[in-house]
Amino acid sequence: MQRITISSAQRVDNTNTFQLTGEQIHYLQRVLRLKSGDLFIAQDGEGQQWQSQLTDISGEAQILSTLVTATRPSTLELAAALPKSGFDDVVRQATELGVTDIQPLLSDRTLLNPSPKKLVRWQRIAQEASEQCERGYVPRLEPPIKFAEWIKAGPVSVGNYFCAARVNAPGLLPCVRTLLTDSPQQSIRVVVGPEGGWTSEEIAVAIAHGYQEVSLGSGILRATTASLTALAIISSVREQLI
């Protein structure tokens with residue numbers, strides 16, 4: 001059954017009715033060809049889901065019943081230096097892999113300087129991916145921030161990993177397996193660099209702020225590939241242990 005994400009502002013006070021946006025009307029009626037009386041699932045992006053139905057009134061739908069609330073996933077944050085291109089795919093596929101938070105970073109070697117419209121686009125992509133893969137939770141996307149500012153403000157945690165290439169560091173896989181074997185619900189933050197890699201100064205700053213330096217293997221990965229590789233490793237280990 002198809003899904004859409006609705007906001008609290010779309011709910012009509014004291015009723016089980018909600019208003020559809022123009023995009024949702026187009027998707028449900030033009031793309032999916034649903035008609036009055038047809039069913040779909042509405043979700044709020046925070047785990048709540050409802051079986052819903054189009055009504056005879058244009059642009060309006062009705063909640064029929066509340067479905068089982070999706071289990072809140074353990075925190076899995078991706079902090080990634082923005083690549084020149086391809087971050088749309090990172091957001092989409094990271095959502096499929098169960099990421100809960102995405103923080104775009106501006107590193108010393110980052111060339112992209114996105115406009116505010118990009119953040120709106122990325123949030124929409126995350127929402128659509130959440131609907132398509134039935135995650136129930138839409139990842140939170142933060143505005144891009146300079147790496148040096150962001151890392152100084154972040155919390156220190158045993159689950160903070162800093163991925164770097166061409167370094168003598170333990171692999172992410174054994175580190176995560178050891179961590180999650182003892183505590184499967186442990187929050188994890190993984191940081192991935194830009195094309196060209198982190199500078200030695202950035203690596204030193206990350207280590208000084210309590211991040212464990214890790215490797216994604218002997219191969220040199222594209223920035224977009226590295227982000228998804230790291231998330232796939234973490235998600236796979238967690239799925240096996242929970």
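**Exercise 1. Describe the secondary structure of residues 20-59 and the distance between the ends of this segment.**

Solution. Over residues 20-59 the chain is 25% helix and 28% strand, where helices (H or I, at least four residues) and strands (E, at least two) are DSSP runs numbered from the N terminus. The end C-alpha atoms of this segment are 5 Å apart. Next, turn to the record: an unreviewed UniProt entry places the feature "domain: Ribosomal RNA small subunit methyltransferase E PUA-like" at residues 20-59, and such annotations may be inferred rather than shown by experiment.

The model is predicted, so that local features need pLDDT of at least 70 and side-chain atom pairs count only at pLDDT 80 or more, while totals for chains, interfaces and linings use all residues. Residues are numbered from 1 along each chain as its sequence is written, and side-chain values use heavy atoms, with hydrogens and water left out.

**Exercise 2. Determine how helix α5 packs against α7.**

Solution. Begin with the geometry: α5 (residues 172-182) and α7 pack at an angle of about 35°, with their axes 10 Å apart, the axes being lines fitted to C-alpha atoms over the stretch in contact and the angles running from 0 to 180 degrees between N-to-C directions. Then list the contact (heavy atoms within 4.5 Å): α5 contributes Leu 172, Leu 173, Val 176, Arg 177, Leu 180 and Thr 181, and α7 contributes Ala 230, Ile 233, Ile 234, Val 237, Arg 238 and Leu 241.
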